[in-house]
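Thanks for making time this morning. I would like to walk through a few local features of one model, and I will say as I go how each term is defined.

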Amino acid sequence: MRVPPSLRLAALCGALFSILLSHLHAQALVRVMPLGDSITYGMGAGPAMIPGGYRDPLARDYAAKGSPFVFVGSDSTNSTAYLTANGQQNNEGHTGFRIDQIQANINLWQSSAAPDVVLLHIGTNDILQNLNLGTGTANDTSAAIGRLTTLISTLYANKPSLKLVLSTLIPIQDARDLYVKNYNAALSATVVPAFLAQGRDIVLVDNYANFITPGGSWDASRFADYAHPNAAGYAAMAATYAAVDLPPVEGVIFTSTSAAGVAGEDQAVAVNLITAGQSTLDSITAPAGAIGATFPVTGLNDGSAAGNANYTYYEVIPAQAAGATPAAITCELNTAVNASGYDITSIQAITGWADHNLGAQRFQLFLARNHEEYVNYGTYTNANTVNGGNSSFLSTVSHSSGKLASNVTGVRFVFLNPDPGNGETLVGASQAGSSGGTVIHELQVFGSPSPAVPARPCALAGAATAGNNSQDGAIAVNLIRQGQASLSSVTAPTGSISGSFPVSGLNDGSGAGPANMTYYSVSDASNGATVLPVTVTFELNTAVNQNGYDISSIQAISGWTDHTLGAQRFQLLLSVDRGAYTGFGTYRNAGVVGDGGTGYLSTLTAASGGMIARHVTGVRFVFLNPDQSNGVGSVGNSQAGNGSSGGTV
C-alpha cells in the first residue's frame, strides 16, 4: 500500500522527535549525592576501608539500568578505579559524623554540589556516641529524630524539588540495636508521612533488612565489624538504593559534531569568556603540553583553532616535553569585573586530529560557583572517529533549561586518556615516539555576568599583614585566645608537618613564627599534614556567661606569600543559644598577599552594622581548598621534603 506523503512526513517528524527526546533524556545527568557517615564513605573494620563502599556497586547498577547520573559531593577519596575512571568518585560521606555535624555543613555542601537526589543514611553515630537521643528511657530516640527532621527540612528548603531517598539505619550488633529499631520505626511512622503530607518527594528504603537473616538475627556474613558492612553488605545496600528510579530531570546535554581545524570553527568568539585578553578571564592554569616548540599551551584560549601554534597536545605516555593525560586545565573567571560570577550557557572543546588517529577524546568538566569547591558536571566522550584530513570534534556541553550554571567563578577541564581502541596508537611522524593522547584546538566558555546575589551576612575587609605579634589586634577582648575565660574548648585537627605548625597556634594570641602557625594541606597527607577541608570549632564558655556573647567582629590571619599560599577560603558558622551551627557565609582572601612572609588579615563585621550575632555560644571555621591558580603550588622547603601540595597556613 502506498503511504500518502503527509503521513510519511508525520511519521518522519515523529521519529525525529523521538530521537531528539531520547537524546535529551539520555544526556540529562541526574546529580546524586551520597550523604551520611562512614557507612556512606565506605568504612569496613577498624581503620580498614571498603573502597567505594556501596557507591561502586550502585554506580554499576545505575549504569546497567541506563540511568544517566553523576555522583556529587565535596569528597573524592576512598574511591575505586571504576568510580574514578567514570568520574563518579565524589560523595558526602564523613566518618564519625552525627546528624548535627551534617546539619552544620549541609548548606555549603548542597549549594556547591546542587544535587537532584540525596541518598541519606545518618544517625548511627548519634546512637554510638549517645548524643541526646531522647528522654533517656525505653531506648527513646525522639531528640535524634527531631534533629533528622530539621536536616531534611533544610534539604528541602534549599531545593524544594529534591528527591530524598532516606535509608533506615543498618543494625548495630550489640544492645544499642534497640535504639536503631526505635529510630527506624519513627522513620516510617512519623518522619516520612510528615514530609509526604507536605508534597515532598521522599522515599524510605529498608537497608536494615539487608543485614538480618530469615530467622531474624544479625547476618554476620554481611558485616565487617559490629556496625559497618563488608563488600557483600555494601552490594546489598547498593541494590536497595538502585531499586528506586532516578527522576527525569532537566540536565546537561552533550553534543559532538565534526569541526575543521580552522579559525572559522571558533564561533561567537566575542562572548567567549576565556579568550586570551578577555576581561572576564582572571587566570588560566595548565600543563605546558608542547612537543618541541609546537602545540604551545597558549593555544588553549587564544580564540583560534587554526594551525599548530593554536593547538595543545597531551599524550598518554609522556616521552617528549609534552604534558601527560590526565591533564587539568583551570580557567578562573574574573570576579573583580563581576563580583557575582557568570551565568554559563554552554561550554565547548575542540579536540582530536583525524590523520593522527586521535579520536574518542574524553574529558571531565568541573565548575566552581561562588569560589566554592569544583563540582563534577560529567565525563564526556567524542565519537571514535573523526572526518578525514585535519578535522576534529567540536564538543558542546549545555543544559536543557538554557543555563548550565549560575554564579560560576571557575571552569576546569580534565582531559583523560582516550579510549584504548582509538587513542593509544602512534599518532604520526610529527609526534615522534608518541603514544597518542589529546590534541586540544580551543576551549570556549559562553555566558554573561550573573546578576548581583544577596549580600552575605558579614562584610569582609582584608589587608596584608606581617606575621608578628603586632598584627594580632585587640588581644584583650579576643574571646577565643588560649586561656581566655570566655573560651570553653577548641576542637581542631592536629595540622602539623614534622612537628611544626602546631594546632595550639590557632588561638594563642600571636601570629609570629612557625610555632604559632597551623598548616592544612590540599592533598598531601605525608609528614602528618591534615587534608582540607578542615573544621575548627570554638565553644564559648556559658558557665562564665550563660547568655552567650555578642560578636562584633571575627578575624582570621592566613596565607603565606613566600610559599605561594594565597586565595585562602573559609566558611563561617555560628551557634546561637547552643543551637545548631548555621552558615554565615563563605569568604575568600585576595589571590596574592604582600612580599616576604606576610599573610592576610581577614576581618568580618556585620554587613548591616552593629553585631554579627548575639547570644553566640560557638564559632566554627571550615577551611576550604584555595583557588587552583593560587594555592596548589609547592609551598617551600620549610615543609619537609618540599612535597606539599599547597593549602592553608
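**Local geometry, from a loop to a strand pair**

Let me begin with N139, which at 23% relative accessibility counts as partly exposed, where buried means under 20% relative accessible area, exposed over 50%, and partly exposed in between, with a 1.4 Å probe and protein chains only. Before going on, please note that this is a predicted model, in which local features need pLDDT of at least 70 and side-chain atom pairs count only at pLDDT 80 or more, while totals for chains, interfaces and linings use all residues. Residues are numbered from 1 along each chain as its sequence is written, and side-chain values use heavy atoms, with hydrogens and water left out.

N139 lies in the loop between α6 and α7, and its phi is near 55 degrees, a positive value in a residue other than glycine. A138 is found in the loop between α6 (124-128) and α7, also with a positive phi near 55 degrees, but A138 is exposed, at 69% relative accessible area. As background, most residues other than glycine have a negative phi. Helices here are DSSP runs of H or I with at least four residues, strands are runs of E with at least two, and both are numbered from the N terminus.

Moving on to α7 itself, how does this helix pack with α8? Helix α7 (residues 142-158) and helix α8 (residues 177-197) pack at an angle of about 35 degrees, with their axes 11 Å apart; the axes are lines fitted to C-alpha atoms over the stretch in contact, and angles run from 0 to 180 degrees between N-to-C directions. On the α7 side, the residues that meet α8 include I145, L148, I152 and Y156, and their counterparts in α8 include Y183, L187, V191 and F195, contact meaning heavy atoms within 4.5 Å. The residues of this contact divide into 10 nonpolar, two polar and no charged; here Ala, Val, Leu, Ile, Met, Phe, Trp, Tyr, Cys and Pro count as nonpolar, Asp, Glu, Lys and Arg as charged, and the others, Gly among them, as polar.

Leaving aside neighbours within four places in sequence, the contacts of L166 include I152, L187 and V191. The C-alpha atoms of L166 and V118 are separated by 8.1 Å, although the two residues are 48 apart along the chain.

Further along, S486 is found in the loop between β18 (458-465) and β19 (487-491). Is this serine buried or exposed? S486 is buried, with a relative accessible area of 9%, and a polar atom of its side chain lies 2.8 Å from the backbone oxygen of L479.

Finally, strand β25 (residues 569-576) is mostly covered, seven of its eight residues being buried. β25 pairs in the antiparallel sense with strand β26 (residues 582-588) over five bridges and with strand β28 (residues 613-624) over eight bridges, where two strands pair if DSSP finds at least two bridges between them. F570 stands opposite Y587 in β26, whereas the bridge partner of L572 is F621 in β28. The hairpin of β25 and β26 has five residues between the strands, and there D577 takes a positive phi near 55 degrees.

Methods: Polar contact = N/O pair within 3.5 Å; in protein donor to acceptor, adjacent residues only side chain to side chain.
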